[in-house]
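Below are my notes, in the order I looked things up.

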Amino acid sequence: MDLQRAGVRLQIVLGHLSRPSAPAIVANPILGPASSASCHPQQFQYTLDNNVLSLEQRKFYEENGFLVIKNLVSDDDIQRFRAEFQRICRKEVNPPGIIVMRDVAIAKQDYTLSEKVVSKIQDFQEDQELFRYCTLPQILKYVECFTGPNIMAMHTMLINKPSDSGKKTSRHPLHQDLHYFPFRPSDRIVCAWTAMEHIDRNNGCLVVLPGTHKGTLKPHGYPNWEGGINKMYHGIQDYKKDKNRVHLVMKKGDTVFFHPLLIHGSGRNRTQGFRKAISCHYASSECHYISVNGTSQENIQSEVKDIVNRRFGMETNITLEDIWTFRGRLVKGEKINL
Ligand SMILES: CC(C)CC(=O)SCCNC(=O)CCNC(=O)[C@H](O)C(C)(C)COP(=O)(O)OP(=O)(O)OC[C@H]1O[C@@H](n2cnc3c(N)ncnc32)[C@H](O)[C@@H]1OP(=O)(O)O
Ligand SMILES: Nc1ncnc2c1ncn2[C@@H]1O[C@H](COP(=O)(O)OP(=O)(O)OP(=O)(O)O)[C@@H](O)[C@H]1O
Ligand SMILES: O=C(O)CCC(=O)C(=O)O
Ligand SMILES: [Fe+2]
Ligand SMILES: [Mg+2]
């Protein structure tokens with residue numbers, strides 16, 4: 001299958017409408033080296049100059065690679081996301097391109113779709129109601145501190161961490177999100193992750209290793225967990241119980257922004273309920289795609305391609321870049337490279 005036909009097919013599958021071509025690339029200081037130093041006495045690498053973050057917040061993100069903003073998303077909005085999630089689980093709406101995932105512990109059992117069997121949905125960029133999350137002005141205001149003014153929403157998820165069956169499959173191993181992304185530079189990528197209810201260690205909060213965003217991308221693979229591991233839940237391979245791990249206890253509406261190299265994961269859900277969070281990964285549209293051939297990201301590339309080929313029912317020569325191009329959406333400013 002040639003690339004053009006595969007692309008057309010993918011557009012049909014993902015329901016992607018044609019978008020205007022990107023404007024010419026203009027010189028922009030945002031991605032230039034040491035640009036922020038000129039107007040600020042301090043040298044910052046991970047945050048950009050604007051008046052949104054306090055100096056204290058800025059220093060915190062620079063040092064730790066994450067920043068929690070309390071009470072950023074309203075109860076009303078969260079209720080709307082929850083209701084739409086339930087409609088998707090019941091198949092009352094079926095937005096093009098969406099991936100509905102079940103926990104591996106029940107993946108082979110024959111359940112009817114309901115909120116109780118869905119562990120996460122991904123790629124809701126064509127669902128107006130859920131995609132509102134990615135365009136909330138109060139979220140984008142913070143995102144801009146990391147990406148700059150030209151913002152693409154690249155990856156969307158609503159995670160419905162199920163009650164653990166006893167096999168510990170509800171855990172998400174420690175990982176760096178950059179492992180999944182074929183675009184750079186990493187410092188102009190950020191995740192926004194909003195708690196849809198109170199989240200603590202009982203229902204499986206986010207666990208972060210502060211400061212790890214200063215390191216490099218580590219090789220990832222499946223952990224050897226005897227109870228099983230969810231498809232594509234890769235983890236770092238040199239895991240050891242780290243004393244410096246921080247459990248992020250968050251209230252409903254609290255939002256954490258974090259760097260794609262920050263090592264993070266989540267523990268098992270020991271409660272009977274489902275633990276819900278909604279998230280979007282944003283990148284500056286000035287980021288560029290890279291080839292991951294010959295890198296540690298090759299393993300995830302081939303898994304993603306296998307899934308796409310399975311969906312098409314044939315071999316395609318679709319690249320990782322094609323796949324990301326189809327799901328990315330401009331949410332602010334101009335579309336440049338991505
Ligand atoms: C930063 C960010 C990108 C980080 C992440 O998002 S990490 C996680 C990334 N995850 C993904 O991209 C989603 C991956 N999941 C999927 O694509 C789908 O849910 C699939 C695993 C392919 C299942 O698709 P589905 O349409 O439900 O297909 P089937 O029900 O026919 O199942 C096909 C085969 O897959 C198995 N399966 C289904 N769910 C899981 C699971 N959670 N873990 C492991 N295996 C699973 C299922 O048992 C079946 O296996 P076989 O019968 O072929 O042996
Ligand atoms: N072998 C491993 N490889 C990668 N990550 C792991 C491994 N074992 C545990 N983790 C992850 O380490 C993180 C921290 O675990 P920790 O034990 O602190 O969490 P927890 O909240 O106590 O949950 P639980 O008791 O269910 O593990 C979690 O994200 C967990 O999924
Ligand atoms: O909500 C969680 O448990 C974390 C999910 C996560 O880190 C991811 O999907 O990349
Ligand atoms: Fe992650
Ligand atoms: Mg533990």
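How do the residues of the shell around ligand 3 divide into nonpolar, polar and charged? I count 4 nonpolar, 4 polar and 3 charged. A reminder to myself before going on: this is a predicted model.

**Ligand 3, who is there.** I listed the residues around ligand 3 next: Lys-120, Met-157, Ile-159, His-172, His-175, Asp-177, Trp-193, Leu-206, His-264, Ser-266 and Arg-275. I also checked which strands they come from. Strand 4 (151-161), strand 5 (172-175) and strand 13 (263-266) each give at least two residues to this shell.

**Ligand 3, polar distances.** Then I went through the oxygen atoms of the ligand. One oxygen of ligand 3 sits 2.6 Å from a side-chain N or O atom of Ser-266. For Arg-275, I found a polar side-chain atom 2.7 Å from an oxygen of ligand 3. With His-264, the distance from a side-chain N or O atom to a ligand 3 oxygen is 3.0 Å. How much of the ligand does the protein bury? On its own, ligand 3 exposes 290 Å², and the protein buries 94% of that.

**Second largest pocket.** I moved on to this pocket and noted a volume of about 610 Å³. It is lined by 26 residues, and those closest to its centre are Arg-171, Trp-225, Tyr-239, Ser-266 and Gly-267. Ser-266 was already in my notes as one of the residues around ligand 3. Which strand supplies the largest share of the lining? That is strand 5, with 3 residues. Strand 5, strand 10 (235-236) and strand 13 each supply at least two lining residues. By type, I get 9 nonpolar, 10 polar and 7 charged residues in the lining.

**Two loop residues.** I looked up Asp-123, which is in the loop between strand 3 (120-122) and helix 4 (128-135). Is Asp-123 buried or exposed? I put it down as buried, because its relative accessible area is 5% and the cut-off for buried is under 20%. Its side chain also makes a polar contact of 2.9 Å with the side chain of Arg-327.

Leu-48 is in another stretch, the loop between helix 1 (3-14) and helix 2 (55-64). Leu-48 has 12% relative accessibility, so I noted it as buried. Last, I checked Leu-48 against Arg-90: they are 42 residues apart along the chain, and their C-alpha atoms are separated by 42 Å.

Note on methods
Residues are numbered from 1 along each chain as its sequence is written. Chains are lettered from A and ligands numbered from 1 in the order in which they are written. This is a predicted model: local features need pLDDT of at least 70, side-chain atom pairs count only at pLDDT 80 or more; totals for chains, interfaces and linings use all residues. Side-chain values use heavy atoms; hydrogens and water are left out. A residue is near a molecule or strand if one of its heavy atoms lies within 4 Å of it. A polar contact is a pair of N or O atoms within 3.5 Å; within protein, one must be able to donate a hydrogen and the other to accept it, and residues adjacent in sequence count only if both atoms are side-chain atoms. Accessible areas come from the Shrake-Rupley method with a 1.4 Å probe; for residues, only the protein chains shown count as cover. Helices (H or I, at least four residues) and strands (E, at least two) are DSSP runs, numbered from the N terminus. Ala, Val, Leu, Ile, Met, Phe, Trp, Tyr, Cys and Pro count as nonpolar, Asp, Glu, Lys and Arg as charged, and the others, Gly among them, as polar. On a 1 Å grid over the protein atoms alone, a cavity is a set of points where a 1.4 Å probe fits but cannot get out, and a pocket is an open set with protein on both sides within 12 Å along at least five of seven lines; lining residues have an atom within 4 Å of a point. Grid points are joined across faces, edges and corners, and a volume is the space filled by probe spheres set on the points. Buried means under 20% relative accessible area, exposed over 50%, partly exposed in between (1.4 Å probe, protein chains only).
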